[in-house]
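This briefing concerns aromatic side chains and their surroundings. Please consult the sequence and the structure shown here.

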Amino acid sequence: MADIDADGRDSRTAVPEQRRDGQPDDPAQVDVDQALLGGATYRGLAEQRLSPAEERFEKRRRTSGLILAPALALIFLALPLDIPPSQQTLAGILIGVIALWITEAVPIPVGGLIGVGVIVLMGVAPAGEVLAPFGSSTVFTFIGAFILAQAMLKHGLAQRFAFRVLSLPGVGKTTGRVVVAFGVITCLLSAFVSNTATVAMLLPTALGILAVIAKLLQSRGLAKPGWDPTRLRIGFALMLMLAYGASVGGLLTPVGTPPNLIGRALIEEATGERISFAGWMATAFPICLVMFVALATILLLLNKPEIRRIEGVEEYVAAERARLGKLSRAEKNTLIAFTVTVTLWIFPGVVALIAGTDSSVYETVSGRLNEGVVAVLGASLLFLLPTDWRNREYTLNWSDAARIDWGTILLFGTGIIFGALLDDTGLAATIGNASSDWLGLTSVFAITAFAVLLAIVISETTSNTASAAVVVPIIIPVAVAAGVDPFVPALAATFAASFGFMLPVSTPQNAVVYGSGTVPITRMIRSGASFDVIGAIVILLLLPVMLSLTGVGR
């Protein structure tokens with residue numbers, strides 16, 4: 001049984017008291033900020049804490065990729081297919097890369113880079129053409145958004161927001177309200193901050209509250225002798241809400257999760273239809289809202305809390321807020337930079353509503369307030385707004401910015417490269433025509449259903465980013481071959497790429513929650529399977545309706 005200290009925290013997971021500079025008072029304690037801001041989205045075996053059985057499985061899985069990737073690529077290249085050599089070569093390389101992504105024989109971003117290098121060596125396209133997508137403005141949107149998120153996490157602004165929501169009147173009185181509040185916090189933060197970073201940042205708070213509830217159960221005599229606090233149903237609901245809420249909230253904005261930016265870039269390139277920041281939010285909000293209601297309802301039904309009314313959580317939250325104190329200068333500066341960036345991201349959409357998308361005003365504003373440029377300029381404010389002018393100290397320094405998740409940025413770039421090459425070589429059209437003939441897909445509904453199903457299945461076994469990079473370029477020519485507008489099916493595939501709920505390997509946030517030791521794999525599979533089905537139905541039915549109402553893509 002876990003040791004719970006006098007403050008109601010699990011002594012194994014309690015966050016050490018931090019000084020205002022973010023360092024622990026006890027030098028022997030773990031530096032939580034450093035652990036969360038270290039950019040460890042893609043971790044090797046030596047960087048993880050695994051059981052002997054898990055370690056044996058991971059070693060086999062990762063070692064198999066070193067053999068499978070080249071073997072599958074070579075076998076495909078040797079097949080007597082009636083397609084152009086460049087298409088067959090690209091397809092063989094892509095199959096090998098997918099094998100690397102699924103098995104994680106090398107870090108996922110490195111798998112993409114290997115594929116890009118082999119593409120050039122095999123003569124599929126010149127290096128200049130292959131690497132051109134790395135100059136996409138979307139890449140700079142990612143970089144700027146990641147730097148802003150880094151500042152929010154470093155200076156505690158995200159944590160302050162979480163405790164502010166939890167301190168609202170009545171929130172901490174029942175277990176159901178706590179679970180819902182954590183879901184709201186996670187959704188809102190993950191709309192602008194990395195899903196993984198959001199969950200990692202909120203996890204210590206969730207564990208602290210779970211420890212308070214466990215102590216309450218014990219004091220009331222509701223716990224059996226030898227009970228395990230890590231196997232509480234309220235813990236399952238709370239932790240799964242963190243993981244799944246991040247996936248749902250990430251859909252709310254184009255910068256919420258990598259698949260959004262990848263899918264949007266591919267759709268805009270293929271259809272010529274621009275999806276504005278505001279247009280995306282207007283389309284995604286009802287979908288996110290319906291999914292959130294479903295999440296809260298089903299999680300609390302499948303994992304009915306052992307106790308309804310609770311005491312102690314409000315006191316815990318109040319103590320944590322008191323420890324944080326008033327807004328620091330660094331937090332205020334971060335809030336300024338964040339507000340300016342989001343305002344400029346949304347402003348072209350406001351202009352479109354007032355003046356119309358065909359007006360010269362909108363064309364000028366949207367052209368100059370490019371989201372990549374806005375993101376970079378907004379992030380630059382963090383290096384200009386001082387926290388101590390006398391000593392020339394600013395909100396962020398470059399060593400902070402260097403800790404952002406460059407691996408995801410590299411994976412994003414390589415995903416765009418593969419998507420562009422699938423189109424340029426004609427391989428995507430070949431796959432699309434073959435799929436359309438074989439499956440008999442002739443309607444928007446059938447193609448959208450196929451897109452959603454394929455994206456969810458792939459996202460369960462590999463990264464969401466890789467899923468979007470592979471599925472969207474295939475779905476677009478499938479729709480074109482059937483004489484259907486590819487906008488709805490491609491956007492549906494983009495959304496569905498984030499709906500991998502069943503396994504720890506499906507998303508990094510699932511892995512973070514599973515790694516806490518409070519969610520058995522059986523619970524994750526049981527709950528995740530339900531949400532995969534619900535997510536598919538919601539996207540399939542609600543997305544076309546919202547697109548028709550908002551006019552996005554028309």
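This is a predicted model: local features need pLDDT of at least 70, side-chain atom pairs count only at pLDDT 80 or more; totals for chains, interfaces and linings use all residues.

Residues are numbered from 1 along each chain as its sequence is written, and side-chain values use heavy atoms, with hydrogens and water left out.

**Aromatic pairs**
- Six aromatic pairs are found in a search of the whole structure (rings of Phe, Tyr and Trp, the last by its six-membered ring, with centres within 6.5 Å; planes under 30 degrees apart are stacked, over 60 edge-to-face, the rest tilted).
- Phe-383 and Trp-398 form a tilted pair, with 6.4 Å centre to centre and 40° between the planes.
- Phe-383 lies in the loop between α16 (371-381) and β1 (386-388), and Trp-398 lies in helix α17 (residues 398-401), 15 residues apart (helices, H or I, of at least four residues and strands, E, of at least two are DSSP runs numbered from the N terminus).
- Phe-501 and Phe-531 form an edge-to-face pair, with 6.1 Å centre to centre and 75° between the planes.
- Phe-501 is in the loop between α22 (487-496) and α23 (508-515) and Phe-531 is in helix α24 (residues 521-550), so the pair ties together parts 30 residues apart in sequence.
- Tyr-244, Phe-499, Phe-501 and Phe-531 form one aromatic cluster.

**Exposure**
- Phe-383 is partly exposed, at 24% relative accessible area, and Trp-398 is exposed, at 56% (buried is under 20%, exposed over 50%, partly exposed in between; 1.4 Å probe, protein chains only).
- Phe-501 is buried at 0%, and Phe-531 is buried at 0%.

**Charge over a ring**
- The charged end of Arg-392 sits over the ring of Trp-389, 3.9 Å from its centre (NZ of Lys or CZ of Arg within 6 Å of the ring centre and within 35 degrees of the ring normal).
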